[in-house]
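Hi everyone, thanks for coming along. Please take a moment with the sequence and the structure on the screen, and then I will walk you through some parts of it.

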Amino acid sequence: MTDDRRIRLQPVDRAEVTIVIDNFVDVLMGGSDGVRRYAATDWGDRSQLIAEHGFSALITVESRGRRSSVLYDGGLTPTALGRNLDVLQIPVRELRALVVSHGHADHHGGLEALFRRHGRQRLPLVIHPEAWTERKIVFPTGTELRLPPPSRRDLEAEGVEVIEEPGQTLLLDSTLLVSGQVERLTAFEQGFPIHYARAASGWEPDPMIWDDQNLIVNVRDKGLVIVSGCSHAGAVNVLLNAQRLTGETRVAGFIGGFHLTGGIFEPIIGPTVDAFVAAGIDRLLPAHCTGWRAVHELARALPDSFVQPAVGTVVTF
């Protein structure tokens, strides 16, 4: 991409990423510089943070003294999202927008909790048009896992303003970029071969999951902060695409899923780790669907950058 076609993403003075939903929670973990952990004060109170197989993050940017927030993904269930938003005391009515990373239920299923608890809000929701597709995973054993898409009708009935966009979208006064469809450049990130989508003629292979999109912030003098739900496009492609779109090569942080779990994806852990080492990531939180083998490899290769993600963690850039 030439300079005149780069996205004009405005730098911010400060960015915070709060992990609202993730597969892991540990309220006894210690923090570090720029990493604040949630501290429970009374375990007699049953309203504690909970983890589930899903992802959701609150991205807050500060520019010229003004703070604005977007909720990226909604986890799998309304119970988890609603509970964690309450426990973390996130001011839902101050949200400026919602973004869905892709159409799998573990990233949108909890969004109705926003409306049950906080009433109708005319929030824009940015989503790729292919996210409405019905999908499933067919395992080698023949077992099938249904992946229900979000319901546009239900979301619009709650007052959400759907912005259906396959390309890039700028939010929060051009300080936050929704990547849109990610360009696939690497030779080893070839998608999800056992993933299928329902078409007019029946079920068809859908390995590329083109609706996969992420959020990008440019922190002044630090570089990019990239938040990715599952990185079905490939985590390295997500990284390279963010650099290509913005023209910024420095990466202050990468937070979210790498989708390297299981026998299909474990063979590409090595080249993925090598690419992230070469990129010089300042802070790395491989969450959700990364898989324990990949998490351990990333931690070993990037010990000074690695931060164990957990529900309630707030990372400041």
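**A walk through the model**

When I say helix or strand, I mean DSSP runs, H or I of at least four residues for helices and E of at least two for strands, numbered from the N terminus.

Before going on, a word on where this comes from. This is a predicted model, where local features need pLDDT of at least 70 and side-chain atom pairs count only at pLDDT 80 or more, while totals for chains, interfaces and linings use all residues. Residues are numbered from 1 along each chain as its sequence is written, and side-chain values use heavy atoms, with hydrogens and water left out.

Back to H1, which spans residues 78-87. How many of its 10 residues are buried? Seven of them are, so to speak, mostly under cover. Buried here means under 20% relative accessible area, exposed means over 50%, and partly exposed lies in between, with a 1.4 Å probe and protein chains only. The buried residues of H1 are Pro78, Ala80, Leu81, Gly82, Asn84, Leu85 and Val87. Their cover includes strand E1 (14-21), strand E3 (56-63) and helix H3 (112-118).

Now to the sheets. Two strands pair if DSSP finds at least two bridges between them. An open sheet of six strands has the order E10-E11-E14-E15-E16-E17, and its pairing is mixed. At the edges stand strand E10 (169-171) and strand E17 (283-287), each with a single partner strand, so one side of each has no neighbour in the sheet. From one strand to the next, the twist averages 15°. For angles, axes are lines fitted to C-alpha atoms, for helices over the stretch in contact, and the angles run from 0 to 180 degrees between N-to-C directions.

Let's go through some of the pairs. E10 and strand E11 (residues 176-178) run antiparallel and are joined by three bridges, with Leu170 opposite Leu177 in E11. Strand E14 (residues 214-219) pairs with E15 in the antiparallel sense over six bridges, and Ile216 stands opposite Ile226 in E15. The hairpin of E14 and E15 has three residues between the strands, and there Asp221 takes a positive phi near 65°.

Is E15 enclosed or open? Six of the six residues of E15 are buried, so this strand is largely enclosed by the rest of the structure.

That brings us to the inside. A nonpolar core is a set of buried Ala, Val, Leu, Ile, Met, Phe, Trp, Tyr and Cys residues joined through side-chain atoms within 4.5 Å. The largest one has 32 residues, of which Ile216, Ile226, Phe254, Phe258, Leu260, Phe276 and Leu284 touch the most other members. Strand E15 (223-228), helix H5 (235-246), strand E16 (251-257), helix H6 (269-279) and helix H7 (292-301) each supply at least two residues of this core. Which element gives the largest share? H5 does, with six residues. A second, separate core of 30 residues includes Ile59, Tyr72, Ile255 and Val315.

H6 and H7 pack at an angle of about 35°, with their axes 10 Å apart. Their contact, meaning heavy atoms within 4.5 Å, is made by Ile269, Val273 and Val277 of H6 and Arg293, Ala294, Glu297, Leu298 and Ala301 of H7.

One last stop is Cys230, in the loop between E15 and H5. Cys230 is buried, with a relative accessible area of 3%. Leaving out residues up to four places away in sequence, Cys230 touches His102, His107, Asp212, Gly257, Phe258, His259, His288 and Cys289. Cys230 and Pro286 are 56 residues apart in sequence and 9.9 Å apart in space, C-alpha to C-alpha. Both also turn up among the contacts of Phe258, which include Cys230, Thr272, Phe276, Pro286 and Leu298.
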